[in-house]
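Please read them alongside the coordinates.

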Amino acid sequence: MKNNKNASTSGKPIVHVLNPSCQIEDLEIGNDYEGVITRVEKYGFFVSLSKSVYGLLRTRNPKEKVGDKVVVKIAEIKPHKGKMDVDLSYSKIKYGNDYEIITVKRNVKRTKIADLSEDNIGRNVAIQGEIIQIQQTSGPTIFTIRDETNITWVAAFSEPGVRMYPELDVEDIVEILGEVSVHSGKIQIESETIEKLDEEEENKLKELIEEAMDKKAAPDDTSVMIEESEILQKLRPKLAEAAKAIRRAILDGRSILVRHHADADGICAGIAVEQAVLPILREESNDADAEWHFFKRSPSKAPFYELEDVVKDLSFALEDMERHGQKLPLLVLLDNGSTEEDVAALRHSRVYGIESIVVDHHYPGEVENGRSLIDDYVDIHVNPYLVGGDSQLTAGALAVELAGMINPDVRNQIRHFPGIAAVGDHAECMEVDKYLEIAEEEGYSREDLDKVATCIDFEAYFLRFMNGRGVMNTILGLEDKERQEELLDVLISESDKRVETQLKAAMPNVETVYFENGIQFNRLDVEKYAHKFTYPAPGKTTGYVHDKLVQEKGEDQPIMTLANGPDFAVLRATEVIKNDFNFNLNSVITKIQEELPQAGADGGGHEVAGSLKFVEGLQEEVLNLFIEEVKNLKL
């Protein structure tokens, strides 16, 4: 910056203050500069104007002391020697009281981050960008900076473990002057100064960054595996929107939190997205542990986002923001998130401004103009019901389509996942048939898919709230195929043994009645006639009992199985009851809530597979009302 004016419009003299990184070439003869006396000799004293700029003021018997602030006028510059002579303008004047300050920045041309390379090592550069993370280490403070071309990392240091530039925060637009170096194999800037840009420059750069990131985040390939599926084609725009949001979160330095149901369908969904996101995270981050720090996948025992889940997620997110300078995460709900039961947790997260994506296939309630109740609480909602479909197109299949849009490179690895999800969820539709054909091409017969799905459910029971990344990857065939076969054999034999034990206890105690409308209604008290606290749990036990009964009569028969405990019930029924009798568990629960409000009834799920909760004292009233609803169904 060059300025020869001697006085401001206020009439006060102008004094320049050099940015610490300024060099001698940033000075102008005749201008006044503020400095600090760093050495006093008999023939004069030395004045430092920045870290590397100082001059000699020749005077006999100087009265000034080291540390005194003075204002000097540049008399002569000797750039070939790197020296200058100065004259005294003002002595011992307090900063800003008697003159107007103009800060001089170093005259360094801006370098775009994408242009930084090992050829720049040791050179001083100026970069401008947005702070997307601040991490305090035991040594320097590390700022992650992004401009419209790329990201890099800036180290600032004064003392070990001391936070540098505490006035700066995530999302600030700054200019960094510093020296290019390499750390852990990646380019890093050793900063001399970091300063916020003025408002005009800030807005201009923000616009450039926003435009560039928006373009980079857009998925290149939004095709789906079943091109002839009308439902998938209708869902493509929303899936592409979700893929873009996830890619953008990675570019913005935000962590991604995936929550999914802890069954075969939900786990296939969660791992599909995980496989797509992790390679991009590794590429975009300087953090060697980025895949652990910026991506979390957690199973939910319930098929909805519980308050217990959201409280844990918010606590960890707010802690990461305070301790590690991370932004609040993008929440991705898979195989849950669509129902009324999810509302409380999503409203909770909304208070903190958490952006959320839901990819689900559970019944979302009444749909009007492609929207349901949950759309008021989430940013992107993908669900077959919103476009005229139903639960037979599983969340696992939708998440695989989403993963392919996030990162097309993973498509071949996860092509068999939709088949596993469909078999695990007993789904039947045109899309399922196509997915099973694709799985067959990958070497998985329907029997193989059922084996994998069963082993996922078995292992998930014991993993509880752990994501089991390594083990689940093996079960799903993402790693060593030989090890996959060995593990599947171990797990399926143990699962079969435990299921057989459970069925031996349960099957003799199933009460079966035939209603006048033709429905075979089976009832089991799992509290009395099933082993507790072991695999399979009540929900799975109900499924196995129901499957056993259906095998005897056939899938085309109207068969319903209700298993109950003191304060809960689990339902399974054949698709015939949904299609021919227009049965919907969620609607029945709504009626129970209306007629028995004192029962505290809650629950839901798919139309013919879900659960019901109520207060124990009104068990008989609730179940009798439920049974009456089934009796009154008509073809």
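1. In which loop is glutamate 171 found? The model is predicted, and in it glutamate 171 sits in the loop between strand 10 (151-156) and strand 11 (173-183). The phi angle of glutamate 171 is near 85°, a positive value in a residue other than glycine. With a relative accessible area of 47%, glutamate 171 is partly exposed.

2. Asparagine 369 also has a positive phi, near 55°, and is likewise a residue other than glycine. The loop that holds asparagine 369 runs between strand 16 (355-359) and strand 17 (380-382). Asparagine 369 counts as exposed because its relative accessible area is 78%, and exposed means over 50%.

3. Please check the peptide bond from tyrosine 535 to proline 536: the bond is cis, with omega near -5°. Proline 536 belongs to the loop between helix 13 (526-529) and helix 14 (538-553).

4. Is serine 300 buried or exposed? Serine 300 has a relative accessible area of 0%, so it is buried; the cut-off for buried is under 20%. This serine 300 is part of strand 14 (residues 295-300).

5. Which residues surround serine 300, leaving aside its neighbours within four places in sequence? On that basis, serine 300 is in contact with Arg259, His260, His261, Ala262, Asp309 and Asn336. With arginine 259 there is also a polar contact of 3.5 Å between the two side chains.

Note on methods:
Residues are numbered from 1 along each chain as its sequence is written. This is a predicted model: local features need pLDDT of at least 70, side-chain atom pairs count only at pLDDT 80 or more; totals for chains, interfaces and linings use all residues. Side-chain values use heavy atoms; hydrogens and water are left out. Helices (H or I, at least four residues) and strands (E, at least two) are DSSP runs, numbered from the N terminus. Buried means under 20% relative accessible area, exposed over 50%, partly exposed in between (1.4 Å probe, protein chains only). A polar contact is a pair of N or O atoms within 3.5 Å; within protein, one must be able to donate a hydrogen and the other to accept it, and residues adjacent in sequence count only if both atoms are side-chain atoms. Contact means heavy atoms within 4.5 Å.
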